[in-house]
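Please go through the structure shown here and report on what it contains. A short account under plain headings follows.

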Amino acid sequence: MAAVVTYLVIFAVISSALAYDPDMLQDLCVANTSAGIKVNGFTCKAETNITEADFFFDGLAKPGKVNNSVGSLVTGGNVEKIPGLNTLGVSLSRIDYAADGLNPPHTHPRATEMIFVLEGELDVGFITTANKLISKTVKKGEVFVFPRGLVHFQKNNGDKAASVISAFNSQLPGTQSIAMTLFTSTPAVPDNVLTKAFQVGTKEIDKIKTKLAPKKS
């Protein structure tokens, strides 16, 4: 736990100097998520309505319940959960992995990501724009960085659960899963685009779409 606290303090210091989000112009701008006004971020709640609850979130304290086909669960601690993060340019997430679980290839268009391994061992990596894979096995207490916008992944190849804390230099980094983006978008990406890009037939594309389609409740 001491290592986690030290890591978070170091990250906070670095982020304050290198935050990717626009700089804040006042002490506080707690997000008013119910305002209905669209800006680059959120409008500010009236200062008289700000409380300690705007800066608190306990959702990362315990492992999440992993119950999906890829074997991982991301719990976000961003401005949507912690309104006080608005304009501060930082956020956290917790990622839990079942045995053999995968956080599939994805990108964060608005932030660099740094993971700190809480438990287990993961194979992680990202792909540069020169199509080079940078990868490594990371263990408990170790850190790995994924540069902003680059496709990356984490895979638990062990037979036990694993978990990490992810730090971002954005209050809302955004996530685009490569497979979900291409095969489950609305409206759908035309089949002739996907068949040409992946050099496969329509049947293969339909099979992938069926597997990735959201489960109906």
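## Disulfide

In this predicted model, Cys-29 has a relative accessibility of 5% and therefore counts as buried, the limit being under 20%. Cys-44 has a relative accessible area of 38%, so this residue is partly exposed. The sulfur atoms of Cys-29 and Cys-44 lie 1.9 Å apart, and the two residues form a disulfide. The count of disulfides comes to 1.

The torsion about the S-S bond of Cys-29 and Cys-44 is about -95 degrees, which means the disulfide is left-handed. Both Cys-29 and Cys-44 sit in the loop between helix H1 (2–18) and strand E1 (72–77), and they are 15 residues apart. A disulfide is a covalent bond between the sulfur atoms of two cysteines.

## Chain overview

The chain holds 4 helices and 10 strands. Read from the N terminus, the order of elements is α-β-β-β-β-β-β-β-β-β-β-α-α-α.

Of the 217 residues, 34% count as buried. The chain exposes about 13,300 Å², of which carbon and sulfur atoms supply 59%. Among contacts with a separation of 6 or more, 69% are between residues 24 or more positions apart.

## Open sheet

Five strands make up an open sheet in the order E6-E5-E8-E3-E10, and the pairing is antiparallel. Strand E6 (133–139) and strand E10 (176–177) stand at the edges; each has a single partner strand, so one side of each is left without a neighbour in the sheet.

Strand E5 (residues 121–127) pairs with E6 in the antiparallel sense over 7 bridges. Within this pairing, Gly-125 has Ser-135 of E6 as its bridge partner. Strands of a sheet pair through backbone hydrogen bonds, either parallel or antiparallel.

E4 and E7 pair in the antiparallel sense over 4 bridges, and the bridge partner of Glu-113 in E7 is Phe-146.

The largest nonpolar core has 13 residues, and Leu-122, Val-124, Phe-144 and Val-164 touch the most other members. Two or more residues each are given to this core by strand E2 (91–97), E4, E5, strand E7 (143–146) and strand E9 (162–168). E5 supplies the largest share, 3 residues. Another core, of 5 residues, lies apart from it and includes Ala-31, Val-79, Ile-82 and Val-90. Leaving out residues up to four places away in sequence, Phe-144 touches Glu-113, Met-114, Ile-115, Val-124, Phe-126, Ile-134, Lys-136 and Val-138.

## His-108

Where does His-108 lie? The residue is in the loop between strand E3 (102–107) and strand E4 (113–119). At 5% relative accessibility, His-108 counts as buried because the limit is under 20%.

Neighbours within four places in sequence aside, His-108 is in contact with Glu-113, Arg-148, Gly-149, His-152, Phe-168, Pro-173, Gly-174 and Thr-175. Glu-113, one of these contacts, is also among the residues that Phe-144 touches.

Definitions and conventions:
Residues are numbered from 1 along each chain as its sequence is written. This is a predicted model: local features need pLDDT of at least 70, side-chain atom pairs count only at pLDDT 80 or more; totals for chains, interfaces and linings use all residues. Side-chain values use heavy atoms; hydrogens and water are left out. Buried means under 20% relative accessible area, exposed over 50%, partly exposed in between (1.4 Å probe, protein chains only). Contact means heavy atoms within 4.5 Å. Two strands pair if DSSP finds at least two bridges between them. Accessible areas come from the Shrake-Rupley method with a 1.4 Å probe; for residues, only the protein chains shown count as cover. A disulfide is a pair of cysteine sulfur atoms within 2.5 Å. A nonpolar core is a set of buried Ala, Val, Leu, Ile, Met, Phe, Trp, Tyr and Cys residues joined through side-chain atoms within 4.5 Å.
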